[in-house]
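Colleague: I am new to reading protein models and would like to go through this one with you. Could you show it to me first?

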Amino acid sequence: MVVLAAVLASPMQAQSRKLKVISTDSTPVVYAFVQLEGGVGQITDENGEISIGAGKTKTFTVNVRRIGFTPWFGKLEFPDTSATLTVIMPRLAQGLAEVRISERAKAPAYLQPFYDRWTMKQKGLLSATFIGPEELEFRHPDRIANMLSGLNGVALRRGNRGEMSAMSTNGTCPMAVVVDGVQKCPRSGCTGGSGGMSLGARAAVPLIDINDLVDANDVAAIEVYTRGGNTPTSLQVNDTACGVIAIWTGSRKP
């Protein structure tokens with residue numbers, strides 16, 4: 001059973017409102033995927049919280065998901081004063097002998113930089129689109145292109161042989177693609193840096209079939225940078241002029 005609690009903040013605190021996600025043992029659920037009114041999803045921080053911000057009294061339709069926990073969906077009324085509303089998510093039954101968990105769930109080590117960058121975006125320090133394990137599991141795409149379709153700044157172009165390539169800048173500029181930190185190149189090789197090319201020259205560069213790189217069922221996370229200047233140097237991309245798609249494979253379970 002899901003229990004909802006509201007905790008009023010001290011009058012000395014700023015007029016901020018938060019949503020806190022915890023498990024039934026009161027442990028914060030870190031990186032839970034939260035959507036308000038079907039909008040852009042946020043992830044909870046190390047305290048299991050996201051900020052709603054100040055505003056008038058309003059009722060939000062809230063969707064909370066984290067792999068390994070029972071999803072929560074319902075309406076929450078946030079007051080116009082500082083408050084923290086708490087959603088409790090039971091862990092999914094595993095059908096195993098009793099296991100006591102004393103630490104909060106953590107992300108797999110290889111996904112930690114992905115979540116770090118997502119957190120930077122929520123703080124306004126980065127501009128990108130992040131697709132996490134919960135959204136992938138919910139949508140269960142059979143092809144990578146299905147997850148990229150409809151994203152602002154990304155155009156999918158079908159080639160003469162049926163290959164599906166990711167483009168930016170009105171469909172004329174091939175985006176760089178990185179899988180598990182390694183940039184993928186066409187059979188002819190990477191361009192060695194096309195930053196000085198005209199859009200027409202870039203359009204003539206051999207394209208990468210986004211669906212042929214990895215099985216969609218093996219994808220754990222995706223991040224998309226439609227403007228090369230915003231791409232973190234940690235992704236080690238040869239040429240970011242046309243934007244970058246970074247794909248991370250592995251288990252979606254925390």
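Colleague: In which strand does Gln35 lie?

Modeller: Keep in mind that this is a predicted model. The run of residues 33-36 is strand β3. Gln35 belongs to that run, and the strand asked for is β3.

Colleague: Is Gln35 buried or exposed?

Modeller: A residue is called buried when its relative accessible area is under 20%. Gln35 has a value of 18%, so Gln35 is buried.

Colleague: Which backbone oxygen does the side chain of Gln35 reach?

Modeller: Beyond its neighbours within four places in sequence, Gln35 is in contact with several residues, including Thr61, Val62 and Arg65. The side chain of Gln35 also comes to 3.0 Å from a backbone oxygen, and that oxygen belongs to Gly39.

Colleague: Where is Glu134, and is it buried or exposed?

Modeller: Glu134 sits in helix α2, which covers residues 133-139. The relative accessible area of Glu134 is 5%, and the limit for buried is 20%. Because 5% is under that limit, Glu134 is buried.

Colleague: Which side chain does the side chain of Glu134 join in a polar contact?

Modeller: Glu134 touches Tyr31, Phe33, Arg65, Arg66, Ile67 and Tyr115, leaving out residues up to four places away in sequence. A polar atom of the Glu134 side chain lies 3.0 Å from the backbone nitrogen of Ile67. The side-chain partner, in a polar contact of 2.8 Å, is Arg66.

Colleague: Over the face of which ring does Arg65 lie?

Modeller: Arg65 has already come up as a contact of Gln35 and of Glu134. Arg65 also lies 4.4 Å from the centre of a ring, over its face, and that ring belongs to Phe138.

Colleague: How many aromatic pairs does the whole structure hold, and how are Phe33 and Trp118 arranged?

Modeller: The search of the whole structure finds nine aromatic pairs. In the pair of Phe33 and Trp118, the ring centres are 6.3 Å apart and the planes meet at 55°. Planes under 30 degrees apart would count as stacked and over 60 as edge-to-face.

Colleague: How many residues apart are Phe33 and Trp118?

Modeller: Phe33 is in strand β3, while Trp118 is in helix α1, residues 112-122. Both residues are buried. The pair links distant parts of the chain, and the separation is 85 residues.

Colleague: What kind of pair do Phe114 and Tyr115 make?

Modeller: Phe114 and Tyr115 are both buried. Their ring centres lie 5.3 Å apart and their planes are at 75°. That angle is over 60 degrees, so the pair is edge-to-face.

Colleague: Which residues do ring pairs link into a cluster with Phe33 and Trp118?

Modeller: The cluster includes Phe114 and Tyr115. Its other members besides Phe33 and Trp118 are Tyr31, Phe130 and Tyr225.

Colleague: Is Lys121 buried or partly exposed?

Modeller: Lys121 has its place in helix α1. Among its contacts beyond four places in sequence are Val40, Leu126 and Phe130. With a relative accessible area of 26%, Lys121 is partly exposed.

Colleague: How far apart in space are Lys121 and Gln42?

Modeller: Along the sequence, Lys121 and Gln42 are 79 residues apart. In space, from C-alpha to C-alpha, the distance is 9.7 Å.

Colleague: Which two residues form the disulfide?

Modeller: A disulfide is a covalent bond between the sulfur atoms of two cysteines. The structure holds one. Its sulfur atoms are 1.8 Å apart, and the residues are Cys173 and Cys242.

Colleague: Which parts does the pair of Cys173 and Cys242 tie together?

Modeller: Both cysteines are buried. Cys173 lies in strand β12, and Cys242 is in the loop between β15 and β16. The pair therefore ties together parts that are 69 residues apart in sequence.

Colleague: What is the handedness of the disulfide of Cys173 and Cys242?

Modeller: The torsion about the S-S bond is about -60°. The disulfide of Cys173 and Cys242 is therefore left-handed.

Colleague: What share of the residues of the protein count as buried?

Modeller: The protein's secondary structure comes to four helices and 16 strands. It has 254 residues, and the share that count as buried is 44%.

How values were computed: Residues are numbered from 1 along each chain as its sequence is written. This is a predicted model: local features need pLDDT of at least 70, side-chain atom pairs count only at pLDDT 80 or more; totals for chains, interfaces and linings use all residues. Side-chain values use heavy atoms; hydrogens and water are left out. A disulfide is a pair of cysteine sulfur atoms within 2.5 Å. Helices (H or I, at least four residues) and strands (E, at least two) are DSSP runs, numbered from the N terminus. Buried means under 20% relative accessible area, exposed over 50%, partly exposed in between (1.4 Å probe, protein chains only). Rings of Phe, Tyr and Trp (its six-membered ring) pair if their centres lie within 6.5 Å; planes under 30 degrees apart count as stacked, over 60 as edge-to-face and the rest as tilted. A charge sits over a ring if NZ of Lys or CZ of Arg is within 6 Å of the ring centre and within 35 degrees of the ring normal. A polar contact is a pair of N or O atoms within 3.5 Å; within protein, one must be able to donate a hydrogen and the other to accept it, and residues adjacent in sequence count only if both atoms are side-chain atoms. Contact means heavy atoms within 4.5 Å.
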